[in-house]
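These are my notebook entries on a structure that I went through step by step. I set down what I looked up and what I found.

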Amino acid sequence: MIRHLVHSLPISHVILRVAALFVPHREREEWLAEWRAELWHVWRSCNHQAEVTAFCFGAFQDALWLRGNNKHSVPRRLFRPGSPWRCGLSLAIWAVAGMLICFCLPGARRAMHPLPYRDAGDLVMISRAGYSSEHAPTIRLEEYQAWKTSTRDLFTGLAFYQPMRKRIHVGRYQTADMSVARATSNLFEVLHLPIPVTARDQMNRPYMASLVLSQKVWKKYFHGDAGNAGHIVDIAGQKVRIAGVMAEDSWQLPGQIDAWVFEDEQHMDALPSSTRGYVLAHVKASGLSPHAVARRSMTVFRDTGEADRYDCVSLEQQAQLPFFFFVFTLFLACLALPATTPLPLGEYPVHGDRLPSIMRFRRWFFLAAKVSLIVPIVYFSSLDLAYASLPIDSPAAQGIQFVSSFFGFLFAFRWALQDQRRRCPECLRLLTNPARVGQASRNFLAWNGTELICAVGHGLLHIPEIPTSWFGTQRWFYLDSSWSSLFSDTYLASAGTS
Amino acid sequence: MANEPKLSHTAAMILQAIHAGQVYGFSVMEMTGLPSGTVYPAMRRLERDGLIVSKWEQQSIADAEQRPLRKYYKLTRMGQSALEAIYKRYPLLEKLIPSPEVKRV
């Protein structure tokens, strides 16, 4: 029954109809009419219906051949080697791919976005002088406790956190080692992050530290179940209550943190005074003015008269460093470009009667398009390279970004100029068939160098081997009509030019 | 000679079949034993190279025989000369698919 249905005439017509979808639109109707007429005869001649079906499946090969050999098809024109569309499309694909990779890599994504904290311009990270780029906590708890009162004229809020590895009991008989930050309860307040709701109703219960989980931990160990809020878990013997989950990408301070344990002041004070951690501060409007300066020094005098120096690094300025590197390396590459390649694009005689004005400017539009695509390509690629595995404040990552961005811009701009010089000014296709012309020994009698030709027949490009006072740069020569017999009409038509 | 298109044995068979009077795609298939997926693309290629030309038959013929309108193929002058050159390359081709004149003999 099914076999009869498969090999029936209506199904054969359906097969032909589906195959017709592969045929270029302008030829489809005629193609389908021919195959249907043939099917009419095949149906009457063949004894086995399977032969009819086999005949119909052959239509796919025919349709695909037509599609593959359709000289008018847009993809064919776009992807022809040397075509400006192919070049532009390749660059656009590269830019989009770089951007997508950037969005997939958490480090690169953070480097692109501004800090998610309100009043980020007023937030500073305090560290011992000279250690601001180190990935280790440098401030002792006793120092933080002393500053709470002594720096009231500078800061409106001070928060302390200490990253450490702890074993958390995430379920019955299940433990996981995580990076836990033990923090003062005002840390999220200073950052202006929403305080977890469940933390508020602890006033009526016996004291228990609050635990905030990262999205990753919440999904991995707690299966993203919102019902876990309020549950009690054990962290290395200490009972803590799950208070909430941190939104993704909200944490952009030093340290890869999986969970935050918030202690009240009383319990923080009970910790050893030598406990080292990070100190975050919210600057007063009349304080350190981090908007203007990325890094300020803070000096604290002890009772003994000795002075301790600290660095106050603006979080916003730190977060803007990747963009600053991008702009700075772009500027540097523009300065260095003339040292690597000549900037002139050659001599192109004006053919006012031959080229419409829009065509004359088209090569400049093409160059501008290439340059404007190179900028995002280098930006995203350097971010991908630098922050794929390293944190945003890592000097190594910043170095990688700086170097890759500078050399990326330099060589990409160099390529854009060189590519532009090797293109026909009319059809913008890459010139082909390089030929050596002349002899080096006769340089003063006749020119010697390389000659390239436009495959469509628009002209010749002469590039001198040794620039002289009478032939200093490459020169373009339009071909007159006597050359037209060398270039077939079909090729001209296929090139999509007049 | 240098401008003569280089044809595969399959294309040569199809060209010879059309020359022998099999002017429809299906009749070429029957004559050569080749599947539709080979015959039709090959005929498109031969047409593109100017060796054969396709035309729709007259509506009156199709109406008289109560069947759909068919497209038929015939050799061009270039196809004729290409076929003559092909006989030298594939001497048994004419025996495999006899030309109309040979049939008469």
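**Entry 1: confidence and overall make-up of chain A**

I noted at the outset that this is a predicted model. I looked up the confidence for chain A and found an average pLDDT of 82, with 88% of the residues scoring at least 70. Over residues 490–498 of chain A the pLDDT falls below 50, and this stretch has 12 contacts in the model beyond near neighbours in sequence.

I then listed the secondary structure of chain A, which comprises 16 helices and 15 strands. Of the 498 residues in chain A, 31% are buried. Among contacts in chain A with a separation of 6 or more, I found that 69% join residues 24 or more positions apart.

**Entry 2: Pro425(A)**

I looked up where Pro425(A) sits: the loop between helix H15 (395–421) and strand E12 (432–437) of chain A. Is Pro425(A) buried or exposed? I recorded 23 C-beta neighbours inside 10 Å, and Pro425(A) therefore counts as buried, the cut-off being 20 or more.

I next asked which residues Pro425(A) is in contact with, leaving aside its neighbours within four places in sequence. They are Tyr348(A), Arg363(A) and Trp476(A). I also checked Cys454(A), which is 29 residues from Pro425(A) along the chain; their C-alpha atoms are separated by 9.4 Å.

**Entry 3: where chain A touches chain B**

I counted 16 residues of chain A in contact with 14 residues of chain B. On the side of chain A, the elements that give two or more residues are helix H3 (25–45) and helix H4 (49–68). H4(A) gives the most, with nine residues. By class, I found nine nonpolar, three polar and four charged residues on this side of chain A.

**Entry 4: helices H2 and H3 of chain B**

I looked up how helix H2 (residues 25–32) and helix H3 (residues 36–48) of chain B pack: the angle is about 120° and the axes are 10 Å apart. H2(B) and H3(B) are therefore oblique to each other, since an angle of 65 to 115 degrees would count as roughly perpendicular and one over 145 as roughly antiparallel. The crossing of H2(B) with H3(B) is right-handed.

I wrote down the residues that meet: Gly25(B), Val28(B), Met29(B) and Thr32(B) from H2(B), and Ser36(B), Val39(B), Tyr40(B) and Met43(B) from H3(B). By class, this contact has five nonpolar and three polar residues, and no charged ones.

Conventions. Residues are numbered from 1 along each chain as its sequence is written. Chains are lettered from A and ligands numbered from 1 in the order in which they are written. This is a predicted model: local features need pLDDT of at least 70, side-chain atom pairs count only at pLDDT 80 or more; totals for chains, interfaces and linings use all residues. Axes are lines fitted to C-alpha atoms, for helices over the stretch in contact, and angles run from 0 to 180 degrees between N-to-C directions. Helices (H or I, at least four residues) and strands (E, at least two) are DSSP runs, numbered from the N terminus. Angles under 35 degrees count as roughly parallel, over 145 as roughly antiparallel, 65 to 115 as roughly perpendicular and the rest as oblique. A crossing is left-handed if the near helix is turned anticlockwise from the far one by less than a right angle, and right-handed if clockwise. Two residues are in contact if their C-beta atoms, placed from the backbone, lie within 7 Å. Ala, Val, Leu, Ile, Met, Phe, Trp, Tyr, Cys and Pro count as nonpolar, Asp, Glu, Lys and Arg as charged, and the others, Gly among them, as polar. pLDDT is the predictor's confidence in each residue, from 0 to 100. A residue is buried if 20 or more other C-beta atoms lie within 10 Å of its own, exposed if 12 or fewer, and partly exposed in between; C-beta atoms are placed from the backbone.
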